[in-house]
Amino acid sequence: MADERTFVIVGASLAGAKAAETLRAEGFTGRIVLIGEEIERPYERPPLSKGHLLGKEEAREKAFVHPLSWYDEQGIDLRLATRATHLDPVAHTVTLDGVDVLPYDKLLLTTGSRVRTLSVPGADLHGVRYLRTIDESDALLEDLRAANNVVVVGAGWIGLETAAAARKHGANVTVVEQAALPLRQVLGDEVATVYADLHRANGVDFRFGTSVASFSGDGTLSSVILADGTELPADVAVVGIGIRPNTELAVDGGLAVDDGILVDAGLRTSDPDVYAAGDVVNQEHPLLGRRVRVEHWANALNGGKAAGKALLGEEVVYDRVPYFFTDQFDLGMEYSGHVGPEGYDRVVFRGDPSIVDGKAPECIVFWVKDGRVLAGMNVNVWDVTDDIQKLVRAGWSGTPVDLVRLADPGVPLGELLG
């Protein structure tokens with residue numbers, strides 16, 4: 001008997017595409033409509049600030065989740081350059097571009113996030129860039145290839161990856177950051193210092209404790225004026241000051257929203273027929289015992305898959321340990337865990353984290369509280385993520401480890417839990 005149901009996914013993102021893929025893989029034969037505002041089919045965002053921005057020709061094409069033909073082959077109605085403008089959960093409808101009313105049986109929101117913008121004089125000058133979409137990455141790559149002076153506003157992950165790419169293209173790079181160190185809020189002083197040292201060793205100049213007052217130029221950017229009066233020459237300024245979840249459709253539909261769409265451990269929203277996944281959700285995490293919003297690639301990848309199963313009525317408990325990675329100069333790392341508002345009381349280094357002769361270290365770092373591992377990061381050390389995540393899961397569950405053995409590279413990680 002044919003399945004007459006219609007499942008609508010708003011957000012032609014990695015999470016949305018993986019949800020659609022999962023629905024078909026799990027045997028759903030009903031109608032799937034995947035709606036996206038961009039003109040490009042679903043793609044992954046990490047290559048935009050990594051391989052593609054470095055000019056690696058294969059990186060752009062590899063960013064796409066599926067070939068365009070895949071959507072037709074799977075019977076997925078992919079509607080690009082289309083905006084969902086109204087949600088009516090009572091009527092079970094989504095309005096597209098203010099005109100077309102699309103009924104649904106189940107709805108998944110994977111609307112993602114958008115960049116935070118600077119509202120200062122000159123912010124509309126040509127040469128002031130943001131990096132979120134594939135088109136923005138294309139434009140920024142061309143700019144970096146021609147630039148002599150690049151100013152990066154914000155020393156978060158996007159800012160530092162962009163700074164590293166700009167240096168690879170030969171530009172002079174200055175990073176402007178209000179905090180005293182890059183990534184300080186995420187990593188704390190101990191590890192943030194490693195990234196500051198790495199970038200300085202590769203020629204990046206930091207201006208900490210200040211912000212941008214204005215951008216200057218006659219139609220095209222020529223300099224960046226800081227709050228302390230410093231004027232920095234700039235052919236390009238890249239603003240990377242964070243993202244915010246795209247919750248407008250959820251708010252319009254009366255769903256519960258607070259720093260993202262509120263979902264339970266099964267990715268269900270406050271409406272029983274509406275689910276959400278990816279950057280846009282503020283999820284009740286069953287292991288942490290509190291809500292968390294994760295803005296990283298792995299959450300979109302795995303959350304989309306879990307949401308696809310949830311749409312089909314499977315009992316889903318989404319309890320993944322948050323994971324992300326970065327590549328900057330010769331430093332590659334993977335981070336697993338979440339420190340959270342309770343903070344940590346100790347950082348344990350397994351190996352020397354020092355930057356020596358401009359070279360990145362090989363080490364593993366753990367953030368610990370009361371002897372429990374809250375997060376771990378492997379730096380140029382590979383094939384240890386599973387063991388680190390086991391330590392994190394144990395730590396979140398209240399199990400401490402021997403910190404002396406945790407710091408000893410001679411003790412296999414897999415033996416620390418007995």
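This is a predicted model: local features need pLDDT of at least 70, side-chain atom pairs count only at pLDDT 80 or more; totals for chains, interfaces and linings use all residues.

Student: What ring does F64 pair with, and in what geometry?

Tutor: F64 pairs with Y43. Their centres are 6.2 Å apart and the planes stand at 80°; over 60° counts as edge-to-face, so that is the label for this pair.

Student: Where in the chain do Y43 and F64 come from?

Tutor: Y43 is in the loop between β2 and α2 (46-49), and F64 is in the loop between α3 (57-62) and α4 (68-73). The pair links distant parts of the chain, 21 residues apart.

Student: Are Y43 and F64 buried or exposed?

Tutor: Y43 and F64 are both buried.

Student: How many aromatic pairs are there?

Tutor: The count comes to nine aromatic pairs. One of them is F7 with F28, a stacked pair with 4.2 Å from centre to centre and 5° between the planes.

Student: Which parts does the F7 and F28 pair tie together?

Tutor: F7 lies in strand β1 (residues 6-10), while F28 is in the loop between α1 (14-25) and β2 (31-35), so the pair ties together parts that are 21 residues apart in sequence. F7 and F28 are both buried as well.

Student: Which rings are linked into a cluster?

Tutor: Ring pairs join W157, Y195, F324, Y335 and W367 into a cluster.

Student: Now helices. At what angle do α6 and α7 pack?

Tutor: Helix α6 (residues 157-168) and helix α7 (residues 184-201) pack at about 10°, and their axes are 12 Å apart. That angle makes α6 roughly parallel to α7.

Student: Which residues make the contact?

Tutor: From α6 you have W157, L160, A163 and A164, and from α7 there are V186, L187, Y195 and H199. By class, this contact has seven nonpolar residues, one polar and no charged ones. Two residues of that contact, W157 and Y195, also belong to the ring cluster.

Student: Switching topic: what is the phi of A81?

Tutor: A81 has a positive phi of about 50°, although it is not a glycine. As background, most residues other than glycine have a negative phi. A81 is in the loop between β3 (76-79) and β4 (84-88), and at 48% relative accessible area A81 is partly exposed.

Student: And D383, what is its phi, and is D383 buried or exposed?

Tutor: Its phi is near 65°, again positive in a residue other than glycine. D383 lies in the loop between β26 (372-379) and α10 (385-396). With 80% relative accessibility, D383 counts as exposed.

Student: I also marked K106. Where is K106, and what does K106 touch?

Tutor: K106 is in strand β7 (residues 106-109). Leaving out residues up to four places away in sequence, K106 touches T6, F7, V8, P272, D273, Y275 and L311.

Student: Is K106 buried or exposed, and why?

Tutor: Buried, because its relative accessible area is 18% and buried means under 20%.

Student: Then G127. Where is G127 found, and which residues is G127 in contact with?

Tutor: G127 is found in the loop between β8 (113-115) and β9 (128-129). Apart from neighbours within four places in sequence, G127 is in contact with L221, D235, V236 and A237. G127 is buried, at 5% relative accessible area.

Student: Last one, P322. What does P322 touch?

Tutor: P322 touches V294, Y335, S336, G337, H338 and W396, not counting residues up to four places away in sequence. Among them is Y335, a member of the ring cluster. P322 is in the loop between α9 (297-311) and β22 (323-328), and at 9% relative accessibility P322 counts as buried.

Notes:
Residues are numbered from 1 along each chain as its sequence is written. Side-chain values use heavy atoms; hydrogens and water are left out. Axes are lines fitted to C-alpha atoms, for helices over the stretch in contact, and angles run from 0 to 180 degrees between N-to-C directions. Helices (H or I, at least four residues) and strands (E, at least two) are DSSP runs, numbered from the N terminus. Angles under 35 degrees count as roughly parallel, over 145 as roughly antiparallel, 65 to 115 as roughly perpendicular and the rest as oblique. Contact means heavy atoms within 4.5 Å. Ala, Val, Leu, Ile, Met, Phe, Trp, Tyr, Cys and Pro count as nonpolar, Asp, Glu, Lys and Arg as charged, and the others, Gly among them, as polar. Rings of Phe, Tyr and Trp (its six-membered ring) pair if their centres lie within 6.5 Å; planes under 30 degrees apart count as stacked, over 60 as edge-to-face and the rest as tilted. Buried means under 20% relative accessible area, exposed over 50%, partly exposed in between (1.4 Å probe, protein chains only).
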